[in-house]
Amino acid sequence: MDRVRDLASKKAAVIFTKSSCCMCHSIKTLFYELGASPAIHELDQDANGREIEWALRALGCDPSVPAVFIGGKYVGSAKDVISLHVDGSLKQMLIDAKAIWF
């Protein structure tokens, strides 16, 4: 869990994904379209990916990917991020975390 917390706090926006996950791709695309440049951790391409995935589950990430962190705090999975985007609060969260500037 410490590794996940450490990785999640290194950049303003961090997304844990798998390269084969279509929802992960959609969330990454949304962040790029909003002007953010998140740190992306592809668990299926990381030697420690399985351990990171277990740690994400232990932190309450279900499903484990995509797991989105903004400002070092767990925001949620694809459903949560899309809901935040629809209600307009995702962009403000990214601004507050200095992941985007306006």
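Asp 6 is partly exposed, with a relative accessible area of 38%; here buried means under 20% relative accessible area, exposed over 50%, and partly exposed in between (1.4 Å probe, protein chains only). The structure is a predicted model, in which local features need pLDDT of at least 70 and side-chain atom pairs count only at pLDDT 80 or more, while totals for chains, interfaces and linings use all residues. Residues are numbered from 1 along each chain as its sequence is written, and side-chain values use heavy atoms, with hydrogens and water left out.

**Nonpolar cores**

- The largest nonpolar core contains 18 residues; such a core is a set of buried Ala, Val, Leu, Ile, Met, Phe, Trp, Tyr and Cys residues joined through side-chain atoms within 4.5 Å.
- Within this core, the residues that touch the most other members are Ile 27, Phe 31, Val 68, Ile 70, Val 81, Leu 90 and Leu 94.
- Two or more residues of this core come from each of β1 (13-17), α2 (22-33), β3 (67-70), α4 (78-86) and α5 (89-96). These elements are DSSP runs numbered from the N terminus: helices (H or I) have at least four residues and strands (E) at least two.
- Leu 94 is in contact (heavy atoms within 4.5 Å) with Ala 13, Phe 31, Leu 34, Ala 36, Ile 70, Ala 99 and Ile 100, when residues up to four places away in sequence are not counted.
- Another core, of 16 residues, lies apart from the largest one, and its members include Phe 16, Ile 52, Leu 56 and Val 65.

**The pair of helices α4 and α5**

- Two packed helices are described by the angle between their axes and the distance between the axes.
- In this model, the axes of α4 and α5 come within 5 Å and cross at roughly 95°. Axes are lines fitted to C-alpha atoms, for helices over the stretch in contact, and angles run from 0 to 180 degrees between N-to-C directions.
- The helices α4 and α5 are therefore roughly perpendicular to each other; angles of 65 to 115 degrees count as roughly perpendicular, under 35 as roughly parallel, over 145 as roughly antiparallel and the rest as oblique.
- From α4, Val 81, Leu 84 and His 85 meet Ser 89, Leu 90 and Met 93 of α5.
- The contact of α4 with α5 has four nonpolar, two polar and no charged residues. Ala, Val, Leu, Ile, Met, Phe, Trp, Tyr, Cys and Pro count as nonpolar, Asp, Glu, Lys and Arg as charged, and the others, Gly among them, as polar.

**Salt bridges**

- There are seven salt bridges in the structure, each being a side-chain nitrogen of Lys or Arg within 4 Å of a carboxyl oxygen of Asp or Glu.
- One of them joins Lys 10 to Asp 6, with the closest N and O atoms 3.6 Å apart. Lys 10 is exposed, at 58% relative accessibility.
- Arg 57 forms a salt bridge with Glu 53, where the closest N and O atoms are 3.8 Å apart. These two residues are four apart in helix α3 (residues 49-58), so about one helical turn separates them.
- Arg 57 is partly exposed, at 43% relative accessible area, whereas Glu 53 is buried, at 14%.
- Arg 57 also pairs with Asp 62, the closest N and O atoms being 3.5 Å apart. Asp 62 is exposed, with a relative accessible area of 59%.
- Through shared partners, salt bridges join Lys 18, Glu 53, Arg 57 and Asp 62 into one network.

**A buried histidine**

- His 41 belongs to strand β2 (residues 39-42) and is buried, with a relative accessible area of 19%.
- The residues that His 41 touches are Leu 7, Val 14, Ile 15, Phe 16 and Thr 17, leaving aside those up to four places away in sequence.

**Backbone features**

- Most residues other than glycine have a negative phi, and most peptide bonds are trans.
- The peptide bond from Asp 62 to Pro 63 is cis, with omega near 5°, and Pro 63 is found in the loop between α3 and β3.
- The peptide bond from Val 65 to Pro 66 is also cis, with omega near -10°; Pro 66 is placed in the loop between α3 and β3.
- Lys 98 is not a glycine, yet it has a positive phi of about 65°. Lys 98 is in the segment after α5 and is exposed, at 57% relative accessibility.

**A loop residue**

- Asn 48 is located in the loop between β2 and α3 and is partly exposed, at 36% relative accessibility.
- The C-alpha atoms of Asn 48 and Lys 28 are separated by 21 Å, and the two residues are 20 residues apart along the chain.
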